Amino acid sequence: MAARLAPKTVLAHLIQRRNQTYSEIVAEFVELGGTITERHLRRLASGERAGTTPQTRRTLQRMFGKPVEELLAPYVPEQVAPQHAGGQMVPVAATGGRITTGNEMEVLDMAASRARAFALAAQSGLGSEAMEQVYDDVRHVAKAYPQRPLPEILGQLVETQDLVFALLESRQRPEHLRQLYFLGGVTGGLLAKASHDLGNPHAALTQARTAFLCADNADHHGLRAWVRGLQSLVSYWAGNPHDSVRYAQLGAGYAEQANSTTSVWLPVSEARAWAALGNPEATRAALERAEDAWDNVQNDDLDDMGGLCTFGRNRQLYYAADALAWLPGEGEQAERYSRQAVDAYADQNHPEWAFGDAAGSHAAMAISRIATGELDGAADAIAPVLDLPTERRINGVVHSARRVHQALRQSGRADDARELQEEIETFTRTPMQTLNR
């Protein structure tokens with residue numbers, strides 16, 4: 001019988017000690033509510049991968065009784081999962097079960113997740129407290145989405161959608177079904193945006209179709225319009241402006257009935273798609289409809305979710321600037337709107353602040369300045385974008401930077417802007433396309 005390979009991690013050692021195959025461990029992992037492939041588990045155990053989602057970390061800790069940091073640490077024979085205590089290495093048992101410094105917030109998050117799961121499972125049907133908890137989960141991630149890097153919230157977003165779908169698949173009271181379909185539509189829409197941000201328009205539109213189905217089941221006009229807005233957004237950045245116009249127009253009737261902020265978002269989304277198609281008349285008409293729509297806006301329960309679920313004045317300024325930057329004859333207007341948008345997003349503590357829209361506003365300003373020959377001003381405008389860390393280089397941000405590069409190429413002064421072009425090329429070579437699992 002062949003000798004076993006020496007385990008490289010504590011996790012590999014514990015798997016060997018269980019005398020189970022990796023496929024058996026994966027099956028047990030799934031039974032506990034987690035999701036993992038055998039290949040991913042083997043790579044974690046071998047030390048090849050260290051990134052995990054919050055759900056994976058929690059499930060591994062439940063299975064093996066140790067924080068994931070200890071499980072993925074190198075295995076030291078006779079001294080499993082050592083920790084520092086008083087400057088010396090000691091076994092875990094010697095710590096008396098104390099939580100090591102740096103793990104407290106993760107442990108508290110795990111405890112909160114476990115408490116939430118227990119509260120929901122302990123009821124035969126959702127009660128008011130449980131329903132409020134689910135709403136709070138969705139509201140939290142909707143507000144966090146525009147302001148935090150996607151790797152920090154994607155795991156929670158996936159878990160929240162999984163929770164909502166699981167509740168929909170179980171027997172619920174009729175009054176709760178409509179609420180759950182509403183929340184399913186919101187989480188599906190947020191995951192459509194996440195798929196788009198990672199450069200996967202096919203997955204984004206798939207999520208959006210399911211979100212629209214949920215909106216239909218919830219019979220919620222504002223949610224239907226919001227999903228159409230997301231489809232328009234995805235199509236715009238995927239280079240399909242005709243589809244972007246079509247989706248915006250498909251949602252217009254729902255937005256008119258809802259009178260929510262989607263009645264502003266849809267026409268301003270249509271405007272920048274028309275601008276990408278080189279149609280200044282249709283662009284200006286759509287921008288005017290967006291401005292006029294504010295006269296009748298009344299926030300609905302989707303708007304009350306906040307964050308990505310509502311459309312404010314700041315985003316309207318950015319979209320208008322982005323649209324007008326496409327049109328050679330609108331340089332003055334593009335500069336005015338982009339300056340207002342940049343100023344609007346200067347305060348990172350403002351509730352409407354969003355790093356992606358802030359970056360897009362700076363890119364629109366750079367393009368408008370290139371059109372007037374202000375290359376130094378364009379470099380100043382795009383500089384904050386080029387300083388963004390990789391985890392914030394979402395699809396729309398990278399495409400905005402590429403539009404600045406294109407504007408420089410077409411300006412007739414490419415030689416004068418060679419250094420700036422090279423900086424943009426360096427930036428766009430490292431987008432946030434994948435996440436560590």
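Is N259 buried, exposed or partly exposed? In this predicted model, N259 counts as partly exposed, its relative accessibility being 28%, a value that falls between the limits of 20% for buried and 50% for exposed residues. The residue is placed in the loop that links α12 (241-258) and α13 (262-276), and its phi is near 55°, which is a positive value in a residue other than glycine.

A positive phi is also found at D219, where the angle is near 50° and the residue is again not glycine. D219 belongs to the loop between α10 (201-218) and α11 (221-237), and with a relative accessible area of 48% it is partly exposed.

Turning to the packing of helices, the axes of α14 (residues 280-293) and α15 (residues 313-324) approach within 11 Å and cross at roughly 175°. Because angles over 145 degrees count as roughly antiparallel, α14 is described as roughly antiparallel to α15. On the α14 side the contact is formed by T283, L287, A290 and E291, while α15 contributes R313, Q316, A320, A323 and L324; sorted by class, the contact comprises 5 nonpolar, 2 polar and 2 charged residues.

In soluble globular proteins, nonpolar side chains tend to be buried together. In the present model, the largest nonpolar core contains 97 residues, and those with the most contacts inside it are F182, L183, L190, W226 and V404. When residues up to four places away in sequence are left out, L183 touches M131, V134, Y135, V138, V164 and M305. Apart from this core lies another, of 19 residues, which includes V10, L11, V26 and I36.

Definitions and conventions. Residues numbered from 1 in each chain as written. Predicted model: local features only at pLDDT ≥ 70, side-chain atom pairs only at ≥ 80, totals over all residues. Heavy atoms only, no water. Axes fitted to C-alpha atoms, helices over the stretch in contact; angles between N-to-C directions. Helix = DSSP H or I, 4+ residues; strand = E, 2+ residues; numbered from the N terminus. Parallel < 35°, antiparallel > 145°, perpendicular 65-115°, else oblique. Contact = heavy atoms within 4.5 Å. Nonpolar A, V, L, I, M, F, W, Y, C, P; charged D, E, K, R; others polar. Core = buried A, V, L, I, M, F, W, Y, C linked by side-chain atoms within 4.5 Å. Buried < 20%, exposed > 50% of the residue type's maximum accessible area, 1.4 Å probe, protein only.
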